[in-house]
Amino acid sequence: MADTAIADAAEQVLASRPDKAQLIEKLVAKLPEHVVLHAEEDLRPFECDGLSAYRKLPMIVVLPETIEQVQIAMQVCYANDVAVVARGAGTGLSGGALPMENGVLLSLAKFKKILDIDTANRRATVQPGVRNLAISEAVSDLGLYYAPDPSSQIACSIGGNVAENSGGVHCLKYGLTTHNIVELEIVTVEGERMTIGSEALDTPGYDLLALMTGSEGLLGVIVQVVVKLLPKPERAQVVLAAFDDVRKAGDAVAAIIQAGIVPAGLEMLDNPAIVATEEFVHADYPTDAAAILLCEVDGTHAEVDEHIADVREVVEREGATEVRVSRDDAERAIFWAGRKAAFPAMGRISPDYYCMDGTIPRKALADVLIGIGELSKKYGQRVANVFHAGDGNLHPLILYDANIEGELERTEEFGGAICELCLEHGGTITGEHGVGVEKIDQMCVQFPPDELTQFHAVKQAFDSKGLLNPGKAVPTLHRCAEFGAMHVHNGELPFPELERL
Amino acid sequence: MQTSIIPQLRDTPDGEEADRILRACTHCGFCTATCPTYQLLGDERDSPRGRIYLIKQVLEGEKPTQKTQTHLDRCLTCRACETTCPSGVEYAKLADIGRDLVDQQVERPRHERVLRWLLRHIVAYRNRFAFFFALGHIFKPLLVGPLAPLKQKMPPRRKALAWPKAENAQRTMIVLDGCVQPVAAPNTNAHAARIFSQLGVRLVAPKASGCCGALSQHLAHREEANDFARRNIDAWWPYIEDGAEAIVLTASGCGASVVEYGHMLRNDPEYAEKAARVSALARDLSDVLAEEDLSQLGDLGHGRQVAYHPPCTLQNAPQLHDNVAEILTQAGYQLTHVRDPHLCCGSAGTYSILQPTMANELRSNKLASLQAGDPDVIVTANIGCQLHLESAAGVPVRHWIELLEPAVAA
């Protein structure tokens, strides 16, 4: 059975003890010496990505400068059964690029070139290490932009965006990464180059492009991306609405969508988040509000005028205590600046934060937010909420101090409880940050064993040895059984059919 | 970020400060986006976040090697990362601590030691620098090997203008004369003094003041930098007691250093208070002038095209405010569009001499964006940037204050 085979392969890779010295020798034989890092001093800065709560010293880091070098690294690792973790800008929030002590970390950060801008077809061909925002900056003079805009867009790279199927403020209207790319070039686990998708809008056969997007480095290494470019809207304007009650703000979100408005972005910040970001951006957010909504509409002047009036009417009806409309693009940028810098700004009010990514149906927003508030009291830890309200994509930020013993563990447990709360309300455990290592156990709650088995069959088709980013994104049934043993719900054991160790 | 600084460091002022800074960092990576060296090299170890990690290792007791030293050396200390960081990580302060610690443990090769010693003992002293500057012009052909970058950097000798008398001025401000600027560009302060005198302000440059200390600070000799700070405070103090309104910095690199005096000497009981006062009085030239009525200067630019390069220190040092673009526009100049104004030109104090390869690559990129708008003149607000850009630019590179003098502007 495919699952047993892949599970065995994965377990073997995770537990393997490759000969480091020998592997270095083999890599250096075919690669320039300076692209292969192996001394602890050099490796340490790579031990974590944007989720610094999880750290592992990689065995070796390879910093290739050409696609040929990527291929060589993959070939050597494949021949020696060594696991490979690919990494872009290292800004991910689910530990997707967490290295392995017995594996190679493959950094694509040197691939920073925009190779081609095709204005006639509104496409750009870019290398995977190009920053998300750099694409929009490069085509701004042409009146174009790249739509998906994760909050880390200043730093995160397009390769990582594809691997995680990143969203962002504007994905409510313009879709996720998967809706905004047309072609990928990958290097397979065996070290071969392969093109997936095409410049045409549709291709026959299975939609492998969609499969590859969001596969978290489990199916191949992305070395080139063709993205779609959109014309910049004639105008965009933001409404900032303040509420004295989280429930009212949550209900206003559902009401806006219900009114038939498709905002370009619809975001919410609760009071702790407002206070922390205001310190950094000075966007003049109302710091006494229980929550604020930022609702952007874009389009032609007439459309925007009409929708701004509609949004204003809806939020006022839902009990907004204050409504502001951005007067120009500069003010619009300031309204957004707070939202975009909200996560790291938590560094100002807490030494560490842990970001969750659950997604729920919009109508459950208020209930889940209130539920999170109750959990916060139960665990005795502060939570700030900053999120894509329009998509129902929550980002509770649990504040903690990693230097206090036991706090991280309690935080993880708290995070798990939030994930499960989302599932109870018909949601999912991740909206856009990916599963990584962080939410892998909650995958066992979201998917029954049969579905996980099918996931493993897909993995088997691309990577039969299980060498690509093992231990992330899709849990083995074995792992689920162990996790289930710790979380007994109503006296029922999940996966009762599995033998427990 | 979690930290476990070794006990013998943890309770020292440096250890405490480093811990505070490290704990603010959330490892989000935003800083990598605006770091000039990471943008060129794509190596985590050449990014602010990577360097923070390298420094953290040393603070946690790992013995560094030349590799850590190299990655710290490659940092320009432009502080673009600080303005990008949403968590308020004071990177430059951490870098100073880290460089000091690493230099104590890793001996540099002989030629580096010699070059660094020379920079600290010659460049930072106005008279010695003037002597070698004159000598250098005579022996220019002999500057080879590790000294070759000096040849290229050597600006032409300029004739010094007279300072105005300003006997009737009611107001007084102090101007820092510094070390390199009075020799390499003696007229920057003279132009400033002439413009101030038109505005009824007497600008004084006390003779006993000198290098701001930035040079030593960046070469990991912080105690030496503190001594320079004390010397300047002593030189300025009588004027401050006499009611000098401000300490005007015409080179933003020095400005970024003087605004830190309060911090640098915070643990010195004799100077802490005075240093804090000095830092509070320190302001960039453009910031001071922006408050004056400049309409009497009239239309000097007549629409001439100017490309402005804002120095990193003016963009990123928290207490310095940049009003150059506004002032030049008001004076009738047309500012051209310059891409990526946040990226360093590669000068960065002694960086262009110690890291010529990287510095020259940054300079080529910077000049390409500065010249894209086809300007008549490039202006900047820091002597380091001015000399570095001038040595490779096809158009004149000036301190912006020169454009406010009718004789020069014409």
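Let's start with strand E6 of chain A, residues 123-126: Ala124(A) and Val126(A) make up its covered face, while Arg123(A) and Thr125(A) sit on the uncovered one. In a regular strand, side chains alternate between the two faces of the sheet. Keep in mind that this is a predicted model.

E6(A) pairs with strand E5 (residues 114-118) of chain A, running antiparallel to it through four bridges. Here Thr125(A) has Asp116(A) opposite it.

## Strand E14, mostly covered

Now look at strand E14 of chain A, residues 291-299, where eight of the nine residues are buried. Strand E12 (residues 235-243) of chain A pairs with E14(A) in the antiparallel sense over nine bridges, and Val238(A) has Glu296(A) as its bridge partner there.

E14(A) also pairs with strand E13 (residues 265-270) of chain A, antiparallel over six bridges.

## How confident is the model?

Chain A has a mean pLDDT of 91, with 95% of its residues at 70 or more. Residues 485-501 of chain A are another story: pLDDT stays under 50 there, and the model gives this stretch 13 contacts beyond four places in sequence.

## Over to chain B

Chain B is split into domain 1 (7-105), domain 2 (110-153), domain 3 (171-290) and domain 4 (296-409). The C-alpha centres of domain 1 and domain 2 of chain B are 29 Å apart.

Terms used: Residues are numbered from 1 along each chain as its sequence is written. Chains are lettered from A and ligands numbered from 1 in the order in which they are written. This is a predicted model: local features need pLDDT of at least 70, side-chain atom pairs count only at pLDDT 80 or more; totals for chains, interfaces and linings use all residues. Domain bounds come from an automatic or database domain assignment. A residue is buried if 20 or more other C-beta atoms lie within 10 Å of its own, exposed if 12 or fewer, and partly exposed in between; C-beta atoms are placed from the backbone. Helices (H or I, at least four residues) and strands (E, at least two) are DSSP runs, numbered from the N terminus. Two strands pair if DSSP finds at least two bridges between them. pLDDT is the predictor's confidence in each residue, from 0 to 100. Two residues are in contact if their C-beta atoms, placed from the backbone, lie within 7 Å.
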